[in-house]
Amino acid sequence: DRFVENWAAVLEEYALRYGDKIKGWWIDGCYDYIGYTPEILDIYKNAAKKGNPNAIVAFNNGVRLAQCPQKWGNEDFTAGESTEFCYIPDRRFVDGAQMHRLLTLGYRNDSPQCDDMVGWCSTGLLVSGGYLRDYINRAHKNGAVTTIDIKVYPDGSFDKEQMDALKMIK
């Protein structure tokens with residue numbers, strides 16, 4: 001209870017400080033096996049929306065290879081974290097939540113802060129620019145939203161190969 005109260009206070013403080021500048025929250029680590037419940041996540045959601053009731057919220061319950069449907073029943077969009085471009089969402093909503101996919105474009109594990117999580121924060125291309133373009137266009141045509149994780153260097157620059165691939169998206 002104390003942990004949840006503390007994190008809800010942090011969310012609320014950021015929500016109130018930044019108000020409607022925050023359009024969405026993607027909250028990681030909401031695993032049911034460590035005790036998260038819909039009731040706990042409602043506390044987080046209410047705190048996150050204090051500064052902007054129109055902000056959207058998703059709770060990530062881990063990496064999935066296929067569709068990541070709404071787990072808790074109270075998200076505005078699906079967390080949809082995956083390390084493979086194998087599933088193309090076939091609709092805009094799942095159980096009332098906007099279909100969303102978070103995918104990594106990198107394939108090398110060359111970032112010390114990522115431990116052994118293949119792809120995240122990494123350089124290189126997991127798929128070609130053409131494949132990426134086609135994947136995102138097909139998902140978008142079905143109403144889904146896609147977020148792509150790329151390598152950001154300490155100086156704020158991006159992996160050139162990844163940027164070239166992203167530029168292929170129209």
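**Close-up views of the predicted model**

Cys121 lies in the loop that runs between strand 6 (100-104) and helix 3 (129-141). The structure shown in each of these views is a predicted model.

**View 1. Cys121 in the loop between strand 6 and helix 3.** Phi of Cys121 is positive, about 65 degrees, although the residue is not a glycine. Most residues other than glycine have a negative phi. Cys121 counts as partly exposed, with a relative accessibility of 24%. The backbone nitrogen of Cys121 is reached by the side chain of Asp149 at 3.1 Å.

**View 2. Asp149, a buried residue without a salt bridge.** Asp149 belongs to strand 7, which covers residues 145-149. The nearest side chain of opposite charge is that of Lys151, 9.1 Å away. A salt bridge requires a side-chain nitrogen of Lys or Arg within 4 Å of a carboxyl oxygen of Asp or Glu, so none is assigned to Asp149. The side chain of Asp149 instead has the backbone nitrogen of Cys121 at 3.1 Å.

**View 3. Surroundings of Asp149.** Leaving aside residues up to four places away in sequence, Asp149 touches Leu102, Leu103, Thr104, Leu105 and Gly106, as well as Gly119, Trp120 and Cys121. Of these, Cys121 is placed in the loop between strand 6 and helix 3, while Asp149 itself lies in strand 7.

**View 4. Asp95 in the loop between strand 4 and strand 5.** Asp95 has a phi near 50 degrees, a positive value in a residue other than glycine. Asp95 is exposed, and its relative accessible area is 61%.

**View 5. The edge-to-face pair of Phe85 and Tyr135.** The ring centres of Phe85 and Tyr135 are 5.3 Å apart, with 85 degrees between the planes. Phe85 sits in the loop between strand 3 (81-82) and strand 4, and Tyr135 sits in helix 3, so the pair ties together parts that are 50 residues apart in sequence. Phe85 is buried at 5% relative accessible area, and Tyr135 is buried as well, at 2% relative accessibility.

**View 6. The aromatic cluster of Phe85, Tyr131 and Tyr135.** These three residues form one cluster.

Methods
Residues numbered from 1 in each chain as written. Predicted model: local features only at pLDDT ≥ 70, side-chain atom pairs only at ≥ 80, totals over all residues. Heavy atoms only, no water. Helix = DSSP H or I, 4+ residues; strand = E, 2+ residues; numbered from the N terminus. Buried < 20%, exposed > 50% of the residue type's maximum accessible area, 1.4 Å probe, protein only. Lys, Arg positive; Asp, Glu negative; His and termini not counted. Polar contact = N/O pair within 3.5 Å; in protein donor to acceptor, adjacent residues only side chain to side chain. Contact = heavy atoms within 4.5 Å. Phe/Tyr/Trp six-rings, centres within 6.5 Å; stacked < 30°, edge-to-face > 60°.
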